[in-house]
Amino acid sequence: MSDTHAETVAYVAKTQYDPQPPPVASSGVLGWLTQNLFSSISNTIVTVLAIALIIYMLPGMIEWAVLHSVWNAESIRECREIITNAFGEGATGACWAVIHERFGQFMYGYYPPSLRWRPDLAAVLLIVAMVPVLFRTMRPLAVAMGVLLAAKALFAVYAELTGGNAELVGPTTIAAVIFGVLALVFGSEKTRPYWLWLTFAYPVAAYFLLWGGLGLETVESSRFGGFLLTAVIGVTGIAGSLPLGILLALGRRSNLPILKAICTIFIEFIRGVPLITLLFVASTLLNYFLPPGTNFNIVLRVLIMVTLFASAYMAEVIRGGLAALPKGQYEAADALGLDYWQSMRLIILPQALKISIPGIVNTFIGLFKDTTLVSIIALQDPLGLMKPILSNSTWNGIVWELYIFIAFMFFICCFAMSRYSMFLETRLRAADRR
Amino acid sequence: MAVAASTETPAFRFEMLWRDERYRSLTIQAIAMIVLMLGLTWLVNNAIENLAALGKTFDFGFLSQPANYDINQQLIDYTSRSSNARAALVGILNTLLVAFLGCVTATIIGIAAGVARLSNNWLVARLMTVYVEAFRNVPLLIWILLTASIVNTSLPSPRDYRGLDTGPVVVTNRGIYIPQPNFGEGSLILLIIFALSIAAIFMVRAWAKRRQESTGEQAPVFLIGLGLLIVPSLIAFFLLGRPISLTLPELAGFNFQGGIQLRDSLIALWVALSLYTGAFIAEIVRAGILSVSKGQSEAAFALGLRPNRAMNLVILPQALRVIIPPLISQFLNLTKNSSLAIAVGYMDATGTLGGITLNQTGREMECILLLMGFYLIVSLSISAVMNLYNNRVRLVER
Amino acid sequence: MNFNKLAIAAGLAGVCVASGAHAATLDDVKARGQLRCGINTGIPGFAFTDSAGNWQGFDVALCKAVAAAIFGEPNVEYVSLTGKTRFTALASGEVDMLSRNTTWTYSRDTDLKLDFAGVNYYDGQGFIVSKELGVASASELDGATICIQTGTTTELNLADYFRANNMSYEPVPIETETEAKEKFLANACDVYTTDASGLAATRSSYPNPGDYMILPEIISKEPLGPAVRHGDSEWGDIVRWSLNALIVAEEKGITAENVKEMASAAGDDPEVNRLLGTEGEYGAMMGLDQDWAVNAIAATGNYGEIFDTFLGPDTEIGLERGLNALYTDGGILYAPPFR
């Protein structure tokens, strides 16, 4: 070994080399491609297959949904005529005109058109009520109100151009301006408790806005429909299930055996049956269990059932959070001499809820999606609205456009919720690290 | 702040019921119990009064009456003269069938998608993200309706096969037809032989593992297993004179006859449930894999394991402990979600017992109670399995 | 705090009880100012929404007529009901009447405690097939795949018919008209069966209606009519006679246009006078205004007008009157006399 070593001509570098650019294949676009798409033979095959899938699916979809689509037509026949005239016999395209015509119905259901500012206002107030819960400062509220006003202005301009008329200054606009300005001026973290009062007041305000009373014209629940109904069921379920879920979770973890048994049976029962059977109960059985002659509205019955349903799931999520807290926290609370409710309110729940936030948001998303099931018991949510719309001979024959529209609307809401939950998780993790 | 010197029990006073912690819990529970009992009595009383006012009774006699309607997918014999109870049973079996099929495929899809989301192939990872987000954020009911719509409108109808030669598997918009095995004489022996060879495979594997652990030599387990699986059964098959034959689907009259028909409603529901639940399982699998610390995979690579083996031998076994509990609760969700079958006309328990039987007999209370009872039993059994598994895992823990 | 909760609970209970008690439906309806009418969730010609989001259709028109008879104007609150929820909704008082393609049958009248207030459409179950199949009669349908709407009498009729004729079939239960159409047009089922009116309605919406034929067999009697709760005959009378008023109006040539004019002064026909309230005190007998029938007719027109607006030959649906013509025109529509 040493001999051969002695015979080799030694090479000693005398100066330091200048740094060389990396090989072409490992940097820039090419490098990215080789690393991420073609790193091995199997990887290349998979990439090619994936590209083939995209090429197979995407152009046809874009052609149908965008290029060959019709936005303005009176009926499905007119849609088909326009498409045939423009793109030849046999061409197919989306007839979005049905959504254009029925947009108001999809949003508000049968809510009287002259009163639709009320759900609008309720929606604005919902944002106002949600921001103090979701964020630390009121800045997002100012941003949201700004976006809302801008959208409204754009819509007004569009309506002006196309010859329609849009009311620019309505209750919604005024509310948006007021709360936007308030949020800008008094939006710091310190004022958050005051804003939270608005949150607590919201359910009452929303109730009177939507159903009427206090001098506002009453609107029957049977007129609720479309995404308004989805929102009413979803928001009520979410708002009602959280406190109920906390109580159930505490009950299930309490050391009072009877209370514990009651809560456990309730939770397991509700979680053990599909929501649709509970909705059947709401639609056909609940009236039997009320005093003779009582007559709850179906929307109200569904609200009750959905809230109970969600609260059982919520209870399990929160129970998980309670179980994850170290035992020392409970003992510390006891050591401080706090009674049960004090220790829960001040020590345990704030921490447990924080841990369970991702689960809570997931339950919310699930609940929001599950509201579509009410169409099976003939409530007029977006899916339920499809039937009377398609029974009108003008639109009979359209299917995909409506499904896609509804799916898209749900996607936006649920995706936003899941992103918010991720944002919150990172924020909490950062807070933990401190 | 005086330290209590005396240990003797103070005389019972009335306000101790809520002031003294020892009695307070009893008081609270007693009140809860009384309120619950009163509430239940109130509800039952109302129900009795309401039913009486309507002249209705509460009895399950209708279950033995003829159902009077037909069901397309029957796993057991059923005609329109059979009883409502039998119709319910047909529906229950259909629920269990789609739930079982759905759980199997959802798991496969979920694991594949979850692993693919972590793939270092950028395109595949993105595609899987699109899949997962699209299914997680859009209601299942819309997916079921859309899938049914796709199955019905894009697949060929049986009429399109007229005059064409069809193979053993025919795909139509009325369902997929696959060959049906006919079990002739001697097929029992064949099945026993097949079962025995499968048992033999497991024994060989166990033996190979022991040998590898003691001597380090690897046996060609795969080849031996394949041979064991095929050869004995094949020999027996010919020796016994081909006891099992296949009936192929053939177009006769309006429909394909012969063969097993997987109906369009079953397929639509199955596909939609599998894809939807698969998206959730993918997230569970991803979280499970990410929960295994990076050091573990690095250690596996350092030992010279190839990525596949590192995944199978090191990462998955550790990830499974995190994955399985939520996975089973997804199975539970899938089973409950299969009740959306009524949207596509799949005759599951909700469609028969909670659907047509309820409509035709007008016995809402009885039907819905039975339906809830059925789902409750299924859910509780699955939960029981989950608890068993959790306990086992806990015992294995250090 | 506990007392507060108790108070709230008690208050809620109070609300529950207060909102109840429906002894006399008419009083309830009048107090509410609106008629709650149970309708279908959507069936072409019978119940659908127009571009403004208002309910329209043959069944909906009857709701409007009854409401107009009570209030003078059609104050209706529509409640969509499925086959499953319709009877409970009526029984529990959630709706005051059903006008929802409901077949009048023995068991519904007796066991389910409904009262049928007459028949507004005489229907029967039929079959529609593609002409391509070459089927000319329902007796050739052995082995066919048949789409049926669930939750109706149709599935029972179908099972009976095929059993009686010793034929087999493959039932495909479907929830909605739209779904049925999609399946039938894609040949996912060979035959679609529902009430003949529904078949005509659905055929009219096919891209090539001429390619499909309705088979001659009508396998059942389906008298469709409005239903009310058992036990409130006064209310049943109002619904029954609102319907009859529409039929008599057609008999006597009273239309939505000329009804006000005819009611302004007594005419030569005493029956018309009694109907339109220019003679006698007929409205008071039911607890309604004198001009109740005028309002009912003015709301949506007489029976013939309603039929022509939503189902008749000039509409997309294009149904002939057939059995639903007046008895004088060869049909079986026959209202008892106004006397």
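Let's start with helix α9 (residues 192-211) of chain A: it has 20 residues and spans 29 Å from its first C-alpha to its last, close to the 28 Å expected at 1.5 Å a residue. (That expected span is 1.5 Å times one less than the number of residues.) This is a predicted model, where local features need pLDDT of at least 70 and side-chain atom pairs count only at pLDDT 80 or more, while totals for chains, interfaces and linings use all residues. Residues are numbered from 1 along each chain as its sequence is written, and chains are lettered from A and ligands numbered from 1 in the order in which they are written. Helices (H or I, at least four residues) and strands (E, at least two) are DSSP runs, numbered from the N terminus.

**Helix α9 of chain A**

- α9(A) bends by about 45 degrees at A:A201, the bend being the angle between axes fitted to the seven residues ending there and the seven starting there. A proline, A:P203, follows within four residues.
- Which residues of α9(A) are buried? They are A:W195, A:A206, A:L209 and A:L210; buried means that 20 or more other C-beta atoms, placed from the backbone, lie within 10 Å of a residue's own.
- The cover over these buried residues includes α6 (117-134) and α10 (226-253) of chain A.
- After α9(A) comes A:G212, with a positive phi near 90 degrees.

**The sheet in chain B**

- Three strands make an open, antiparallel sheet in the order β1-β2-β7; strands pair if DSSP finds at least two bridges between them.
- β1 (170-172) and β7 (260-263) of chain B are at the edges with a single partner strand each, so one side of each has no neighbour in the sheet.
- β2 (residues 175-178) of chain B and β7(B) share four bridges, and B:Y177 has B:Q261 as its bridge partner in β7(B).

**Where chains A and C touch**

- The contact takes 29 residues from chain A and 35 residues from chain C, with contact meaning C-beta atoms, placed from the backbone, within 7 Å.
- On the chain A side, α16 (382-391) gives the most, with six residues.

**Strand β11 of chain C**

- Five of the five residues of β11 (residues 191-195) of chain C are buried, so this strand is largely enclosed by the rest of the structure.
- β8 (residues 125-130) of chain C pairs with β11(C) in the antiparallel sense over five bridges, and C:V129 stands opposite C:V191.
- β9 (residues 144-149) of chain C pairs with β11(C) in the parallel sense over three bridges, and C:I146 stands opposite C:V191.

Note on methods: Buried ≥ 20, exposed ≤ 12 C-beta atoms within 10 Å, placed from the backbone. Contact = placed C-beta atoms within 7 Å.
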